[in-house]
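Hi,

Here is the structure we talked about handing over. Have a look at it first, and then read on for what turned up.

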Amino acid sequence: MTTIKKEISITGNGLMKNKPCTVKFVPSKEGKIRYFIGNAEPFEGLVENVLATDHCVVMGKNTSDNNLKIMDKIGKGGKKKNSAMLTEHLSAALAFCGIDSIDIYMDETEVPALDGSSKQWVELFKKAGIDKPFFEKPKYYTVKEPVYYLNGKTSLVILPADELYISYAVNYDHKDLTRRWVAYNPKNQEEIIEARTFGFYKDLKKYQMLGFAQGVNIENTLGLTDDGYTSDPRSENEPIKHKILDLIGDLYLTGVNPLNLKCQILVKEAGHAVHVKTAKMLKDKLIECK
C-alpha cells in the first residue's frame, strides 16, 4: 500500500459554498481512503458512499435521509455534517500519486477548490513525500467482460485491452468544443492534472442565485464565453482534459486505481452521474491481471 510520509494540511475555500475548510492528511497503514468530518464517524472514499452527483461528487455516511436532494439542501444553506462534497479533484490527485491509504480530516463539509484542478493536491502530496514500499510491484486490472452505459447521446464503454487508453469526446455549444475529443496518455498527464473546472459564464449568476458556485473566480474556473474564455486556457482543450480528470477521480472510487487498468475507456458527453453509475458496474467486473 502507498501513503504519505508525514502529516500535512492545507486551507482553502469551497467552490460551491465559498466557506474556508482546512484539510489535514495523515499517513495510514489501513489500506483505506478514510474521511473524518469534524467529530462524525468516518467513511471510506468508495463508490457505494456517493450520495449525490448533481453538480459535483458528494460522499458520506449513508443515513435514512439520503433520499433527500442533498445538493438542494446545501444550495439552500443546509449542512450535511457527515459528508464531503467536491471530492473528485482530490480523488484524482490520489490516483495520480498512487496513494491508496490515507486519513483525511476536514473541519467543513466541502473540499477546498484551490485552483480548480488536481495540481495543488498533487504538489501537496509530493511535498509530504510518497511512502511506497520499494519491493511492492504495481497491480494491474482489467475487466472480465465489457462494461458500458448507453443513454441517448451519452455513452461510457470500458473494454479489456493490453494497456490503458482513455478517449473523451464532447459536443458543447462553443467554437472550440464542438465535436472535439482528447485522448489520455503519459505525455499529456501534467496537462490533465492542471486542467481546471469550467462552465458557461452566462450561467454563473443563475447558479449563484440558487446558492451554488459561490466560490467561483477567474483563478479556479475557466469560464466559457460566446467568443472565447474569461481567461487564457492552460492548454489546448483544457475543458475536455478536465473531464478526463473528473473521470479518473470518479473511477478511483472503485477501490482500484484507474491508471492501473489495462482497458480501453471510451466516453462521449458524460458527467459525474454517468461516471459513478459506470464505476458501480465496473467494481464487480474487475479482475487482476496475471
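First, the pocket definition: on a 1 Å grid over the protein atoms alone, a pocket is an open set of points where a 1.4 Å probe fits, with protein on both sides within 12 Å along at least five of seven lines, and lining residues have an atom within 4 Å of a point. Volumes are the space filled by probe spheres set on the points, with grid points joined across faces, edges and corners.

Please keep in mind that this is a predicted model, where local features need pLDDT of at least 70 and side-chain atom pairs count only at pLDDT 80 or more, while totals for chains, interfaces and linings use all residues. Residues are numbered from 1 along each chain as its sequence is written, and side-chain values use heavy atoms, leaving out hydrogens and water.

**Pockets**

The second largest pocket has a volume of about 930 Å³. Its lining has 36 residues, and Gly98, Asp100, Lys139, Asn257 and Asn260 are nearest its centre. Helix α2 is the top contributor to this lining, with three residues (helices are DSSP runs of H or I, at least four residues, and strands are runs of E, at least two, numbered from the N terminus).

The largest pocket comes to about 1100 Å³. It is lined by 37 residues, with His55, Thr197, Phe198, Gly199 and Tyr207 closest to its centre. Here β16 gives the most, four residues. The lining splits into 16 nonpolar, 14 polar and seven charged residues (Ala, Val, Leu, Ile, Met, Phe, Trp, Tyr, Cys and Pro count as nonpolar, Asp, Glu, Lys and Arg as charged, and the others, Gly among them, as polar).

**Helix packing**

Helices α2 (residues 88-97) and α6 (residues 238-251) pack at about 80 degrees, their axes 7 Å apart (axes are lines fitted to C-alpha atoms over the stretch in contact, and angles run from 0 to 180 degrees between N-to-C directions). The two are therefore roughly perpendicular, a label for angles of 65 to 115 degrees. Among the residues that meet are Ala92 and Phe96 in α2, and Leu245 and Ile248 in α6 (contact means heavy atoms within 4.5 Å).

**Salt bridges**

The whole structure has 13 salt bridges, each a side-chain nitrogen of Lys or Arg within 4 Å of a carboxyl oxygen of Asp or Glu. One of them joins Asp131 and Lys29, at 3.3 Å from N to O. Asp131 sits in strand β10 and Lys29 in the loop between β3 and β4, so the pair ties together parts 102 residues apart in sequence.

Best wishes

Notes: Angles under 35 degrees count as roughly parallel, over 145 as roughly antiparallel, 65 to 115 as roughly perpendicular and the rest as oblique.
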